[in-house]
Amino acid sequence: MADLPANEQSDEEDGRLDRRSVLKYGGAGALTAGLAGCQSPENPAPGFPFRGQGDKTPPGNGNGESVGDGVLSGETLNVGVLAPMNLPLGRSMWNGARQAAEELNNNGGILGANVNVKLGNTEVSPGKAQSEHRRLVLQEDCDMTCGIFLGSALLQTLPSIANQETIHITSASADPRAGKLVSKTNDDITGEGGESEYERFKYHFRAGPLHLLDLADAMLEFVESNKEEYGWEKAALLTENLGEFTPYANRLQERLSDVIEVPVSERPGGVSDWSPLFNEIEDTDCDVAIVGMALIGTTAVNQWAQQERDFEFGGIHVPSQAFSYWESTGGNVEHVFTMNAMTPQTSNTEQTQPFVEAYREKWDSVPIYSGALTYDVITLAEQAITAAVEGEGLEEIPDSNTLIPYLEDGTFTGSTVLSEFQFTPADATYAHEPQWTSIEETGVPVFQQWQMDPEVREDYGTMHSFAPPQNKSADKTIPEWVNN
């Protein structure tokens, strides 16, 4: 163990803190490509009627006028939101940020300060993410930024975050290399040494999702805990040959065989005919295919269903995190399971369902995990700024260097995913990351499965969370496997 206080000791290999008595955050969804569709009369969300058009006026007055009484009355916090607006995932991020800002402003702002969010459309381009970050900070006077999807976009933007010395809180990328750059204990990335790297990159934090190594460990825990109940003795590991998935793939290739027999382990890419690989899985008597898929996920699901393959299918499956996916696949997604941070039916915290219902009311769509996490970023920032203002006796919005210790040391409440949240400390192997120990302790990630739901509509299916126990859907909690 590193020589840290007892409550901040980190695992030397994984950088995981041993704070077993504290609830910690564990997001999921990792690489969702934002394929979720909008709610409509033809695509209803279970338990909620279709609502009329809500008010889509952006929150905040944007001109620095006071929204409430307080020591920061007359101030404005400008928050830049870096989101790929050509994907529903990005639009959900933007909606979540606007919704959080509007709610804060309607309740007096941050100690009287107005919260104003400004969009930087990254268009799923690393170069665009970097240039939009610079524009938001240098031209739009943003005090902090949030968002960013794809690890490549985050890594290319990190130098700009460091150069501008402006806090950025990630809410869609899961690349673990960002946290390693921030860590004081690492010196093997830039060669500058851990302390120097920390001073340069300390402005980066991640509210979620979990980085991919933790997501892989969550998958290992899930398989180990449930394999006997589900009758899984052999598993195939199929992780898309996409750079974003590499940490997840490497961890599972190293450790999954310690949990279950793995006769097949492949990193497919650009597959148009899955028959040969599916034949190999069946010929080796695999009970389940543990997957990590994004771009090739729909082709695999359609052929798995149409060929009536005799093994279960799921893991991190990006497209099936979308509420519209049943219709997109004509029901072929039935029985597919995937990780997620939350679903439209889960009640991770007391705030989850109020957030989901308000989101539907305002935007006529179902939030994706990235929208919930971006909403939580604004809530987290409000708590950290309030603590810094009160702790330092300030009468203005604190600068980044003043705010960083309050982010590092704080315990934040009121999120939509987990009610208590802490960042890993600067000495952790992966610093400024969501603290997480296990699914059992945190209740996340949630595992959902697509099941037929005739109560919504005949021949229609929805996503039902079936694990862990504290986040099961109320109406259907038992997974329905093809082999049963």
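Reader: How many salt bridges does a search of the whole structure find?
Author: The search finds 10 salt bridges. A salt bridge here is a side-chain nitrogen of Lys or Arg within 4 Å of a carboxyl oxygen of Asp or Glu. The model is predicted: local features need pLDDT of at least 70, side-chain atom pairs count only at pLDDT 80 or more, and totals for chains, interfaces and linings use all residues. Residues are numbered from 1 along each chain as its sequence is written, and side-chain values use heavy atoms, with hydrogens and water left out.

Reader: Which residue does K362 pair with?
Author: K362 bridges to E102, with the closest N and O atoms 3.2 Å apart. K362 sits in helix 11 (residues 352–363) and E102 in helix 1 (residues 88–106), so the pair ties together parts 260 residues apart in sequence. Helices (H or I, at least four residues) and strands (E, at least two) are DSSP runs, numbered from the N terminus.

Reader: K362, buried or exposed?
Author: K362 counts as buried, at 8% relative accessibility. Buried means under 20% relative accessible area, exposed over 50%, partly exposed in between (1.4 Å probe, protein chains only).

Reader: What about R177, which partner does that side chain meet?
Author: R177 meets D175 in a salt bridge, 2.7 Å from N to O. D175 is buried, with a relative accessible area of 5%. R177 is partly exposed at 47%.

Reader: Which residues do shared partners join into one network?
Author: Salt bridges with shared partners link K118, E132, R135 and E140. Within that group, the E140 and R135 side chains meet at 3.3 Å, N to O. E140 is partly exposed at 27% relative accessibility. R135 is partly exposed too, with a relative accessible area of 22%.

Reader: Switching to helix 9. Which of its residues are buried?
Author: In helix 9 (residues 297–306), G297, A300, V301, N302, Q303 and W304 are buried. They pack against helix 8 (275–283), strand 8 (288–293), strand 9 (312–317) and helix 10 (325–328).

Reader: And what does Q303 touch?
Author: Leaving out residues up to four places away in sequence, Q303 touches S272, D273, W274, S275 and F278. A contact means heavy atoms within 4.5 Å. Q303 has a relative accessible area of 13%, so Q303 is buried.

Reader: What follows helix 9?
Author: E308 follows helix 9, and its phi is positive, near 50°.

Reader: Helix 7 next. What is buried there?
Author: P247, Y248, A249, R251 and L252 are buried in helix 7 (residues 246–255). Their cover includes helix 6 (212–230), strand 6 (234–239), strand 8 and strand 9.

Reader: Now the surface. Which residues form the negative patch?
Author: E266, E280, D283 and D285 form a negative surface patch. Patch residues have over 30% relative accessible area and no salt bridge; like charges are joined within 9 Å, nonpolar side chains (Val, Leu, Ile, Met, Phe, Trp, Tyr) within 5 Å. Asp and Glu count as negative, Lys and Arg as positive; His and the chain ends are not counted. A charge is placed at NZ of Lys, CZ of Arg, CG of Asp or CD of Glu.

Reader: Where does E266 lie?
Author: E266 lies in strand 7 (residues 261–266). At 34% relative accessibility, E266 counts as partly exposed.

Reader: How many helices and strands in the protein?
Author: The protein has 14 helices and 14 strands. Of its 484 residues, 62% are buried. It exposes about 17500 Å², with carbon and sulfur atoms supplying 42%. That area comes from the Shrake-Rupley method with a 1.4 Å probe; for residues, only the protein chains shown count as cover.
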